[in-house]
Structures are given as structure tokens and as C-alpha cells.
Amino acid sequence: MSEKVLMKGNEALAEAAIRCGCTHFFGYPITPQTELSEYMAKQMPKRGGLYLQAESEIAAINMVLGAASAGVRVMTSSSSPGISLKCEGISYLIGSDLPCVIVNMQRGGPGLGGIQPAQSDYFQATRALGHGDGHAIVLAPATVQEVVNTTTLAFDLADIYRTPVMILGDGALGQMMEPIDFAEVPRRQCPAKDWACTGTGMKRPHNIVNSLYIQPEDLERLVEERFERYAKIEAEEALWEEQNTEDTELVLVAYGITARIAKSAMNMAREKGLKVGLVRPITLWPFPKKPLDKLSATAKRFLCVELSMGQMVEDVRLVVNGRAPVDFFGRTGGMLMTPAELLAQIEERMGK
Amino acid sequence: MSADLSFLHSPRITLITGHYGTGKTNVAVNLALALRLSLSPIALADLDIVNPYFRSADARQALESAGVEVILPAYANTNVDVPSLPARVASVFDRPDLHAVLDVGGDDAGATALGQYASRLEECGYRMLAVINARRPEIARPEDAVAMLRAIEQASHLKVTGLINNTHLCEETTPQTVESSFQYADQCARLSGVPLVLTTAEERIAAQLQRPDLLPIRLYTKNYLERF
């Protein structure tokens, strides 16, 4: 399809997944993610795939574990409260080295919270998607076109590193409509899944997918091996975008939908002659340390902007490491800040 | 150039329906504002129980300051997902002097909300206009667009009486985007047996198009997100 089409973030994500070979989807509806499940329900049966609405989020994530064990490209999606339910299963997926894609279109929390957009699941996504030593790669697109590209990348990275990958969006990104092009999506080379449980055909030993290890020595060795893989991911897969960072005095750090508001505020500040730049992490784990480390030497201050009470700001502070003040501005509970509101924060901090 | 909207004067109730994401809400808001120029009193009622975010509530101020009454569900644009409709919707049927544009939720799921009013709508008389957009993949083939109309009719127990071609790509829309959809809109009309009654396009695009059924529209949904 070379002609552009108009799609919601949720629909575009589902379509991109089908186009890059996702054949199995297990989910449970929740606002503001439901269009994704709905699109899969309509399209999967027509296109040779399987859609199954599970009886709960917990059931869905365990179906993902089963399908991933059989080597198929598999996805589940939910929004904040539903992701909390999936966390046990995600830990098992991490512990079993299984590739899969998990989508979180974040909404306000904690608890049932609300249905409006939020970014308050950053800690959960980057620190603790389940118990135990482990990580999932976390990708944070900012536009519907980037949702398409990121979805394809998510499946590729999952297969390359044998790990769950989370796409961390928010309700606004899931609901908004933008023109997109499916032809532009770049692809990565993925290895054969010779570990998958697809039947031996009496020609090879059994493959075993498991996260239980009887001997602590074995478990320690396996976790250490997994962390060697994480080190490679941290070294090679961090993604970010920088704008106006050559002469920056104040660096805005924002991801996803908030980065677009930050960009508007940055452009307004630039028109007033204020030297404001933007670093937009695209991978949240691995966190893109390089650009922030570099800017710590030259920028006067950092302002991290999130739809939360301040979560990613801790990662920014870890990288900046006291070399410059790192401030925070956020809205929460389903509220978005306006560019004017953010501009006032920038001006105040730059003493204007 | 702007289309003659006098065909919307009688019957006095206009339902706006269609596949979700075609731009129904914005079309409904523009129609209510355009009709206000020749009709009073006029109301816009938001019957969307499906879409959690982009609602005619966004345009409330523009509508009310132009003298359009706005009837909104209690929970529109709040933090909960409560699919309930306000009792005030019934006032549309009880006030024979009132013209009304009803913004219905997307797809057959959204049109289900109309079912409870079907007999009153039949009594009062209505037209149901379905918005189409050739750039929405799920209705990009005329046969899929017609299947959607039929599903909406079944869910609402009402008949679609006209089509509005609102083909656009948001801010990437060009006059060619709209022009290249004319054939699609005609095919939808021919296949469904439902006439095309309006072609809508943003003012900047409409200025470059020539059609007797062309209605220039403005965007009333909030957007301050820059593109990268």
C-alpha cells in the first residue's frame, strides 16, 4: 500500500503487527486500548491468524506464553490496570526467554484510575514488569506512523534477543488518528527459532521451554547469561531523537505524546530566543544514556516532562549525575499539559 | 462556493452516523453551526457511547456561543466509560419547533444507541446521513463501506438516507486527496442505492474544489500536538 491511509494508533498497531507476521493475538478489552483488540478480532480470522478473547488478562498472557513457546509471532495488549494483571505471566515469559509483544496504552492510575491518557506506568515497564531479575525491551512511539514502525521493530527485537518487548503508548496515542504509510517500514534480520517446541519429528532432541530451575547454580548461570544479552541490548539498541541540542541551555526530556507537547513548547521558546532543546527517548529500556551524558557537560539544566508525578526523571538524574540540575514538570490523573503551560515552566526555570 | 443546505430543514432531525474515525463528530458540529444561520432553535446532541476521547463536547463553547443548544452525555470526556445517554435527548422529539443534529457513535456498535429512539424517530421523521472517508482502510472498498451502512441500519432499526463524503487525511489532505475520492463516493452511492448529498472538506481545501454539493468545514477538535 503506497497510498496513505488514516488510522487510529490502536488500529495502526494491530495492522502493523499482522503485516510483520503476528499470527496469534490473545487479549481482553479495556479502554483506551479496545480498538486494537477489536481490529484483531475482525482481521485475524480473515487473514489466516488467530484472535482469542480470553476470560481475563491473566489467561491472555499465559496463552501468549504457550503460543510463543511454539515459535509463532504473538501479541497481547491492554491498558494500565490490565497490565498489572499480566505481570506474573510476563515474568514467566522473561524467565523462559520467550519473544512476544505486549502493548500498554496507558491510562490514569493507580487502581482503576481513569480512561484518559497517562504515563504513570514508566516504573512498572522499565523496572518491574514482573518479579525476579529481568527486563523487557520498552519502546515508546510518539506518532501513529512511529507506532507502525515501532511495532515491526518490537517483533524483530523480540525474536533477535528472545525477550518480551513492550510497546508503551498512552490513551491519546491509541485514540488519535493520523495519516500513515505501511510501505516505509524497515525490517531487521531475525534468527531461526530452533529452540521452539514445534515437534521433534523424531529427528532432534526435545526442546524445553521452562522457567523453573531445580539447582540454584543453574538458575544463577542462566540469569547471568541473560544479563550478558541485556548488556548487548543496552550497548546496541538504545534509540532516541534530539532536536536543537547544539546550543542548548535547557534540555527538555520527554517521551511519547508528551514529547510532542514539549516540541510545541520548545518551538515557542525558540521564537522568544530561548535556547531550548529536546531529547526524546524512543527506547525507555534500554534508556538512551548517550545523548544526556553528552549534554550534561554543556547544558545549564534539564527539565523532564511526563504525564506522571515523576518517574523517568529518575533515569535522567542517574545519567546527569549531579552535573546540572534536573527539574520535573508533570500532569497526572489523565490530564495533559498545554504547550503554553510548559512554556511558562521553561521561562520560569530560565529566569525569564 | 457552499452547498445549499435547505434540504436539511425538513424533516427537522438529522442523524449523523458512519464508520468510526470518518470525521462524523466534526461534520455534525459543522452542520449544526451552518444550519444555525437559517434555523432557530437548533440543538446538537452527542449520542456517542463508544468513543472515549474525541467528542462534540470539545466543540461545546463554539456551539453554545453560536446559539446551538448542546446535549451531552453526563460522562463525556471524563475519566469513566459509562455508556449512558441523557434524558434530555427525548426533548428533541417533544419539541416540534426544534431542529436537531444527532451525533451518533461509530459503526454498528455506536448506532445501537439509536435503537431505543427508533419508533419516536419514525414518528417525528428523520434523515440519517452516513459519513464516508475513502482513506479509512476498513471502508476503503465501496463494498465494505456499504456493508458498514447495512450493519448500522440493522443495529439502529433505521434507514440510511444519504451519504456525506468526508474523505481526508487530517493535515496532510490536499485537493487531490478529496478529488481522488469522488469516484469512490459515487460507487458507494450506486452500490447502496443511497444518494450522495454532501462533500465536505476543510475550508483551505474546499477553496480549491468545485462541486455543487461542497460544504467547507472547520476543525473543532483540539489538537496541539506537533508532528515530528
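Guide: A polar contact is a pair of N or O atoms within 3.5 Å; within protein, one must be able to donate a hydrogen and the other to accept it, and residues adjacent in sequence count only if both atoms are side-chain atoms. The model is predicted, with local features needing pLDDT of at least 70 and side-chain atom pairs 80 or more, while totals for chains, interfaces and linings use all residues. Residues are numbered from 1 along each chain as written, chains are lettered from A and ligands numbered from 1 in written order, and side-chain values use heavy atoms, without hydrogens and water.

Visitor: Which domains does the assignment give for chain A?

Guide: The bounds come from an automatic or database domain assignment. For chain A, this assignment gives domain 1 (5-236) and domain 2 (242-349).

Visitor: What distance separates the centres of domain 1 and domain 2 of chain A, and what area do they bury between them?

Guide: Taken over C-alpha atoms, the centres of the two domains of chain A are separated by 28 Å. In contact (heavy atoms within 4.5 Å) are 30 residues of domain 1 and 25 residues of domain 2. Of the buried area (accessible area, 1.4 Å probe, lost by two parts on being put together, summed over both), 55% lies on carbon and sulfur atoms, and the total for these domains of chain A is about 2,400 Å².

Visitor: How many residue pairs are in polar contact across the interface of domain 1 and domain 2 of chain A?

Guide: The two domains of chain A also share four salt bridges (side-chain nitrogen of Lys or Arg within 4 Å of a carboxyl oxygen of Asp or Glu). One salt bridge in chain A joins Glu146(A) to Arg280(A), with the closest N and O atoms 2.7 Å apart. With both residues at pLDDT 80 or more, the number of pairs in polar contact between domain 1 and domain 2 of chain A is 15.

Visitor: Which element gives the most to the side of domain 1 of chain A that touches domain 2 of chain A?

Guide: Elements supplying at least two residues each to that side include β7 (164-170) and α8 (216-236) of chain A. With four residues, the element that gives the most is α5(A).

Visitor: What area do chain B and chain A bury between them?

Guide: The contact involves 26 residues of chain B and 44 residues of chain A. Carbon and sulfur atoms carry 55% of the buried area, which for chain B and chain A is about 3,100 Å².

Visitor: How many salt bridges are counted between chain B and chain A?

Guide: Seven residue pairs, both at pLDDT 80 or more, are in polar contact between these chains. The side chains of Lys4(A) and Glu172(B) meet in a salt bridge at 2.8 Å, N to O. Between chain B and chain A, the salt-bridge count is five.
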